[in-house]
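Hi everyone, thanks for coming.

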Amino acid sequence: MKEMVMSQDEIQSVCQKLGSQLTQALIHEEKIPLFVGVMKGALNFFYSLIPNVKMEIFTDFVETSSYEGTQSTGTVTLTKDLSFSPDGRTVVIVEDVVDTGLSMKYLIAYLKSHYKPKRILICALFNKQAMRKEEVQVDFSGMVLKENKFLVGFGLDYRELERQLPYVYVPEEKDIQEMDALLDQDKAI
């Protein structure tokens, strides 16, 4: 039996709650806020969250890379930059998981050095505080996780698999082996 971390219903409830909190926090902004989804992992969360933000927003995406399989490599690279300038406006970075803080610290530093955002807020579905190597503040989070568990589903992947699931779970070793076998089979075809 899979260890369920967040069900489909719980995800929708979290997105409603966070959308309401973000609306209240941003409703008096002078400039329209920019919501930035971090691809690919945060896309499901991003598209479930933004309909619950009850105000005008702009949207854009960045892509970073720091994972290989189930492990963080410790090196962050930006593989897709913004196409919309955040200069002078509040930026809300929407992320699936903030764990080590390395990717988020890199992204915040990048945005501040290449643009002039008014401020940067972080909204994460999961906040893995126990994994922090770099201190970053998660302003809005769906769930704080005290244990380091590898998560899959609802945008979170294992080697690009399982992103489409409507829930988040912790894969067992047999699940990882089955996904590896599927990938090996796919490669062989």
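How many aromatic pairs does a search of the whole structure find? The search gives 7 aromatic pairs. Before we look at one, a word on where the numbers come from. This is a predicted model, so local features need pLDDT of at least 70 and side-chain atom pairs count only at pLDDT 80 or more, while totals for chains, interfaces and linings use all residues. Residues are numbered from 1 along each chain as its sequence is written, and side-chain values use heavy atoms, with hydrogens and water left out.

Back to the rings. A pair of aromatic rings is described by the distance of the centres and the angle of the planes. Here, rings of Phe, Tyr and Trp (its six-membered ring) pair if their centres lie within 6.5 Å; planes under 30 degrees apart are stacked, over 60 edge-to-face, and the rest tilted. Please find F150 and Y158: their pair is edge-to-face, with 6.3 Å centre to centre and 85° between the planes. Is Y158 buried or exposed? Y158 counts as buried, because its relative accessibility is 6%. Buried means under 20% relative accessible area, exposed over 50%, and partly exposed in between, using a 1.4 Å probe and protein chains only.

Two other spots with rings are worth a look. F46, Y47 and F61 form one aromatic cluster. And the charged end of K2 sits over the ring of Y169, 4.4 Å from its centre; for that label, NZ of Lys or CZ of Arg must be within 6 Å of the ring centre and within 35 degrees of the ring normal.

Now to the helices. Helices (H or I, at least four residues) and strands (E, at least two) are DSSP runs, numbered from the N terminus. Let's start with α1. Its 19 residues should span 27 Å at 1.5 Å a residue, and its end C-alpha atoms are 27 Å apart, so the two agree.

Which residues of α1 are buried? They are I11, V14, C15, L18, G19, L22, T23 and L26. These residues cover an arc of only 165° around the axis, so they are on the same side of α1. The arc is that of the directions from the helix axis to the C-beta atoms. On the other side of α1, D9 and Q24 are exposed. The spacing has a simple background: an α-helix has 3.6 residues a turn, so residues three or four places apart point the same way.

Next, α3, residues 102–114. Its 13 residues should span 18 Å, and the end C-alpha atoms are 18 Å apart, which agrees. In α3, the buried residues are S103, M104, L107, I108, Y110 and L111. They fall within an arc of 160° seen down the axis, so they line one face of the helix. On the other side of α3, you'll find K112 and S113 exposed.

So what about the interior? In soluble globular proteins, nonpolar side chains tend to be buried together. A nonpolar core is a set of buried Ala, Val, Leu, Ile, Met, Phe, Trp, Tyr and Cys residues joined through side-chain atoms within 4.5 Å. The largest one has 31 residues, of which L22, F35, F45, F126, L151 and V168 touch the most other members. Elements giving two or more residues to this core include β1 (3–6), α2 (43–49) and β5 (90–98). The largest share, 6 residues, comes from α1.

Let's finish with charges. The structure holds 11 salt bridges, each a side-chain nitrogen of Lys or Arg within 4 Å of a carboxyl oxygen of Asp or Glu. In one of them, K118 meets E29 at 3.1 Å, N to O. This pair links distant parts of the chain, 89 residues apart: K118 is in the loop between α3 and β6, and E29 in the loop between α1 and β2. E29 is buried, because its relative accessible area is 15%, whereas K118, at 49%, is partly exposed.

Another salt bridge joins K105 and E134, with the closest N and O atoms 2.9 Å apart. K105 is in helix α3, while E134 is in the loop between β6 and β7, 29 residues apart. K105 counts as partly exposed at 41% relative accessibility, and E134 is partly exposed at 25%.

That's my tour, and I'm happy to go back to any part of it.

Technical notes: The expected span of a helix is 1.5 Å times one less than its number of residues.
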